[in-house]
Amino acid sequence: MSCHSIRPLLPARAEELTPLEASMRAEHVAGCSRCAAESAAYSRLGQALAVMAHLEAEPPEGTLERILVVIGRRRTRVTDPRVLAAAGSAGALVATVVVARALRQRRHAQVVPAASWPRRLRLPGLPVPTAALARAK
Amino acid sequence: MEVDRELVEAAQAGDRWALEELVRRTHRSVYTCALRLVGNPDDAADVTQDVYLRVVRKLGGFRHEASFATWLNRVTTNVAMSTLKRRTRRFAVEGAAVPADTRDPAPEPAERAEAVALARRLELLVAELPEGQRQVLVLRDVYGQSTEEVANAMGLTPGAVKVRLFRARERLKAELEAAEGGQVVALSGRRRATGRRS
């Protein structure tokens, strides 16, 4: 491979290349001092860029205080998932109890007591006695 | 950015002191990342504040699958990118993106001193890159995000990210060599002198 065709591969990190590209680059760099120097320079550049992550700039004065004030206002919301889960479970339990009670009350109010049904109409497979039938009896 | 897991868990459990301590320990790092991405101090300070508002909302969902620093960095990236999409840039970078008052979080070992010095010089050169190239380079090479993560954050294809990366690295290396007077910069403490001594 010529220097010209290898050149686009030189700035790439190893994990950004396909295995074929990586082996082509390695093979060429091993035999070409100019491309080897280029490759080494890119490697050093990459190391220096990674070091940049550890450098910190000082924010404008008052930035920290402003953040603390703003999050202090917003932090009243519960964010702990355990607390949220417990609150959700309790809510679901209360809702279940309320709905169950309401249904039970409704059933008691609407359903004609079985004891008042005509005995012959309580056989399985027969139509449910209507109020009119009950009255007729 | 040094953050204990215990501190994060305490903040997640609603400990007010822990949350504030978390902010105190990380806000410079968040601000620096934001500054490198958005390019000016005012927007970077706004982004920093927005980051912590989002952190307060989302901290409960943080599962410690990645480190807190990585998670915070992703939040910062997303907030910065959203900010950039919303706003037209108020003024050109013109060196404003350079964290002029950089401070090292901890004393550097002697063998890293040159790397730090080089990184400081690089900071100036990175700030001069075109915005798209700068953002890709910062996310990928400074903060170590994957090409796919960078593509997602910036709304680009991985191919477009690679193209920008290539151009940014090529340009940066050329400018660094020019700034160093033609020397090939080494971190090992030795330089291959091809020009003047610095």
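**Conventions**

Residues are numbered from 1 along each chain as its sequence is written, and chains are lettered from A and ligands numbered from 1 in the order in which they are written. This is a predicted model, in which local features need pLDDT of at least 70, side-chain atom pairs count only at pLDDT 80 or more, and totals for chains, interfaces and linings use all residues, while side-chain values use heavy atoms, with hydrogens and water left out.

**First selection: chain B**

Select chain B and colour it by secondary structure. Of its 198 residues, 50% count as buried; buried denotes a relative accessible area under 20%, exposed over 50%, and partly exposed the range in between, with a 1.4 Å probe and protein chains only. Chain B holds eight helices and one strand, in the order α-α-α-α-β-α-α-α-α along the sequence. Helices (H or I, at least four residues) and strands (E, at least two) are DSSP runs, numbered from the N terminus.

If contacts are displayed (heavy atoms within 4.5 Å), consider those in chain B between residues at least 6 apart in sequence: 62% of them join residues at least 24 apart. The chain exposes about 9,200 Å², and carbon and sulfur atoms supply 48% of this area. Accessible areas come from the Shrake-Rupley method with a 1.4 Å probe; for residues, only the protein chains shown count as cover.

**Next: a loop residue of chain B**

Select B:Ser67, which is located in the loop between helix H3 (41-58) and H4 of chain B.

**Next: H4 and H6 of chain B**

Select residues 68-86 (helix H4) and 131-142 (helix H6) of chain B; the two pack at an angle of about 170 degrees, with their axes 13 Å apart. Axes are lines fitted to C-alpha atoms, for helices over the stretch in contact, and angles run from 0 to 180 degrees between N-to-C directions. H4(B) and H6(B) are therefore roughly antiparallel; angles under 35 degrees count as roughly parallel, over 145 as roughly antiparallel, 65 to 115 as roughly perpendicular and the rest as oblique. Show the side chains of B:Thr77, B:Met81 and B:Leu84 from H4(B), and of B:Glu131, B:Gln135 and B:Leu139 from H6(B), which make the contact.

**Next: chain A**

Now select chain A, whose secondary structure comprises six helices and one strand, arranged α-α-α-β-α-α-α from the N terminus. Buried residues make up 27% of its 137 residues. The accessible surface of chain A is about 9,500 Å², of which 60% belongs to carbon and sulfur atoms.

Within chain A, select helix H2 (residues 19-31) and helix H3 (residues 33-52), whose axes come within 6 Å and cross at roughly 120 degrees. H2(A) and H3(A) are therefore oblique to each other. On the H2(A) side, A:His28, A:Val29 and A:Gly31 meet A:Ser33, A:Cys35, A:Ala36 and A:Ser39 of H3(A).

**Last stop: between the chains**

A:Leu49, A:Ala50 and A:Met52 of H3(A) make the contact with B:Leu137, B:Asp141 and B:Val142 of H6(B).
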